[in-house]
Amino acid sequence: MPGAGWGVIGAGGIARFRTIPGLLEAEHAELTAVMTTTLEKAQAIAGEFGAKRAYDSAEALIADPEVDAVYIATPVYLHLPEIKLA
């Protein structure tokens with residue numbers, strides 16, 4: 001059974017060290033996309049964890065048709081606009 005495709009917004013910081021490694025251990029979850037403020041950083045994180053795609057905008061990650069669920073790991077003051085996008 002294929003897992004749900006997860007996207008991580010704000011993939012640096014705590015997500016990189018806690019959330020993404022935990023997600024990779026989940027039986028029915030797949031890390032599909034990661035997003036940080038720069039594409040270069042997002043690509044490095046995607047390569048490190050085997051994500052299919054890397055983005056430098058939340059809008060692009062959310063528009064990805066393979067992303068079924070989103071984990072938001074940005075600073076708290078950014079959560080509401082990103083929740084509304086999702």
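## Close-up views of the predicted model

**Figure 1. Packing and faces of helix α2.** The buried residues of α2 pack against α1, β2 and β3 (53-55). Helices (H or I, at least four residues) and strands (E, at least two) are DSSP runs numbered from the N terminus. The model is predicted: local features require pLDDT of at least 70 and side-chain atom pairs count only at pLDDT 80 or more, whereas totals for chains, interfaces and linings use all residues. Residues are numbered from 1 along each chain as its sequence is written, and side-chain values use heavy atoms, with hydrogens and water left out. Within α2, A42, I45, A46 and F49 are buried. Viewed down the axis of α2, the buried residues fall within an arc of 100 degrees, so they line one face of the helix; the arc is that of the directions from the helix axis to the C-beta atoms. E40 and G47 are exposed on the other side of α2. The residue that follows α2 is G50, with a positive phi near 80 degrees.

**Figure 2. The nonpolar cores.** A nonpolar core is a set of buried Ala, Val, Leu, Ile, Met, Phe, Trp, Tyr and Cys residues joined through side-chain atoms within 4.5 Å. The largest such core comprises 15 residues, and V8, A11, I20, L31, V34 and I45 have the most contacts inside it. At least two residues of this core come from each of α1 (14-25), β2 and α2 (39-49), and α2 gives the most, with 4 residues. A second, separate core holds 8 residues, including A33, M35, A58 and L61. Contact here means heavy atoms within 4.5 Å.

Figure 3. T32 is found in β2, which spans residues 29-35. T32 is buried, with a relative accessible area of 1%. Apart from its neighbours within four places in sequence, T32 is in contact with G5, W6, A51, K52, R53, D64, E66 and V67.

**Figure 4. The polar contact between D64 and R53**. D64 is found in the loop between α3 (58-63) and β4 (69-72), where D64 is buried with a relative accessible area of 5%. The side chains of D64 and R53 are joined by a polar contact of 2.5 Å. A polar contact is a pair of N or O atoms within 3.5 Å; within protein, one must be able to donate a hydrogen and the other to accept it, and residues adjacent in sequence count only if both atoms are side-chain atoms. With neighbours within four places in sequence left aside, D64 is in contact with T32, A33, R53 and Y55.

**Figure 5. D68 in the loop between α3 and β4**. D68 is exposed, with a relative accessible area of 58%. Leaving aside neighbours within four places in sequence, D68 is in contact with A4 and G5. D68 and T32 are 36 residues apart in sequence, and their C-alpha atoms are 9.0 Å apart in space.

**Figure 6. E59 in helix α3 and K84 in helix α4**. E59 is partly exposed, with a relative accessible area of 48%. From E59 to M35 the separation is 24 residues in sequence and 9.7 Å in space, C-alpha to C-alpha. Helix α4 covers residues 79-85 and contains K84, which is exposed with a relative accessible area of 66%. K84 and A58 are 26 residues apart in sequence and 11 Å apart in space, C-alpha to C-alpha.

**Figure 7. The whole protein, as context for the close-ups.** The secondary structure comes to 4 helices and 4 strands, and from the N terminus on the elements run β-α-β-α-β-α-β-α. The radius of gyration is 12 Å, close to the 12 Å that the globule rule gives for 86 residues, so the protein is as compact as a globular protein of that length. This radius is taken over C-alpha atoms, and the globule rule is 2.2 Å times the number of residues to the power 0.38. Along the principal axes, the C-alpha atoms fill a box of roughly 35 × 25 × 20 Å. Of the 86 residues, 38% are buried. Among contacts with a separation of 6 or more, residues 24 or more positions apart account for 52%.

Methods. Buried < 20%, exposed > 50% of the residue type's maximum accessible area, 1.4 Å probe, protein only.
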